[in-house]
Amino acid sequence: MGLLKPGIKSRLESVTQMIKTSYHIAFIPFVIYMGFKKGPEVGGPTFGLLSLLWQ
């Protein structure tokens with residue numbers, strides 16, 4: 001990456017690091033949210049936050 005100025009390179013590295021961090025923090029809550037939004041399968045037991053934490 002010799003074509004980038006040092007200031008631009010450091011800014012890109014910091015933005016990349018922020019994106020990685022936000023992905024790592026938000027992935028599991030997003031998956032849980034999508035599961036609650038969709039709901040259980042037909043014929044399956046209902047679930048809630050307490051049942052998720054209990055098992």
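Tutor: Start with a cut-off: a residue is buried when its relative accessible area is under 20%, exposed when over 50%, and partly exposed in between. The model is predicted.

Student: What percentage of the 55 residues in the chain is buried?

Tutor: The cut-off for buried is under 20% relative accessible area. The accessible surface of the chain is about 5500 Å², with 70% of that area on carbon and sulfur atoms. Of the 55 residues, the buried share is 0%.

Student: How many helices does the chain have?

Tutor: The chain has zero strands. Its helices include H1, residues 6-38, and H2, residues 49-54. The count of helices is two.

Student: At which residue does H1 bend?

Tutor: H1 has 33 residues and spans 46 Å from first to last C-alpha, close to the expected 48 Å. The bend is about 40°, and Pro 29 follows within four residues of the bend. The residue at the bend is Ala 26.

Student: Which residue follows H1?

Tutor: H1 covers residues 6-38. The residue after H1 has a positive phi, near 90°. That residue is Gly 39.

Student: Is the pair of Tyr 23 and Phe 27 stacked, edge-to-face or tilted?

Tutor: The chain has one aromatic pair. The ring centres of Tyr 23 and Phe 27 are 5.5 Å apart and the planes meet at 40°. Both residues are in H1, four residues apart, about one turn of the helix. Planes under 30 degrees apart count as stacked and those over 60 as edge-to-face, so the pair is tilted.

Student: Is Phe 30 buried, exposed or partly exposed?

Tutor: Phe 30 is in helix H1, and its relative accessibility is 48%. Phe 27 has 38% and is partly exposed. Phe 30 also counts as partly exposed.

Student: Which element gives the largest share of the nonpolar patch?

Tutor: The patch is about 1200 Å², and its residues include Phe 27, Phe 30, Phe 47 and Leu 53. H1 and H2 each give two or more residues to the patch. The largest share is nine residues, from H1.

Note on methods. Residues numbered from 1 in each chain as written. Predicted model: local features only at pLDDT ≥ 70, side-chain atom pairs only at ≥ 80, totals over all residues. Heavy atoms only, no water. Buried < 20%, exposed > 50% of the residue type's maximum accessible area, 1.4 Å probe, protein only. Areas by Shrake-Rupley, 256 points an atom, 1.4 Å probe, with all protein chains shown as cover. Phe/Tyr/Trp six-rings, centres within 6.5 Å; stacked < 30°, edge-to-face > 60°. Patch = residues over 30% accessible without salt bridge, like charges linked within 9 Å, V, L, I, M, F, W, Y side chains within 5 Å. Salt bridge = Lys/Arg side-chain N within 4 Å of Asp/Glu carboxyl O. Expected span 1.5 Å × (residues − 1). Bend = angle between axes of the 7 residues up to and from the residue.
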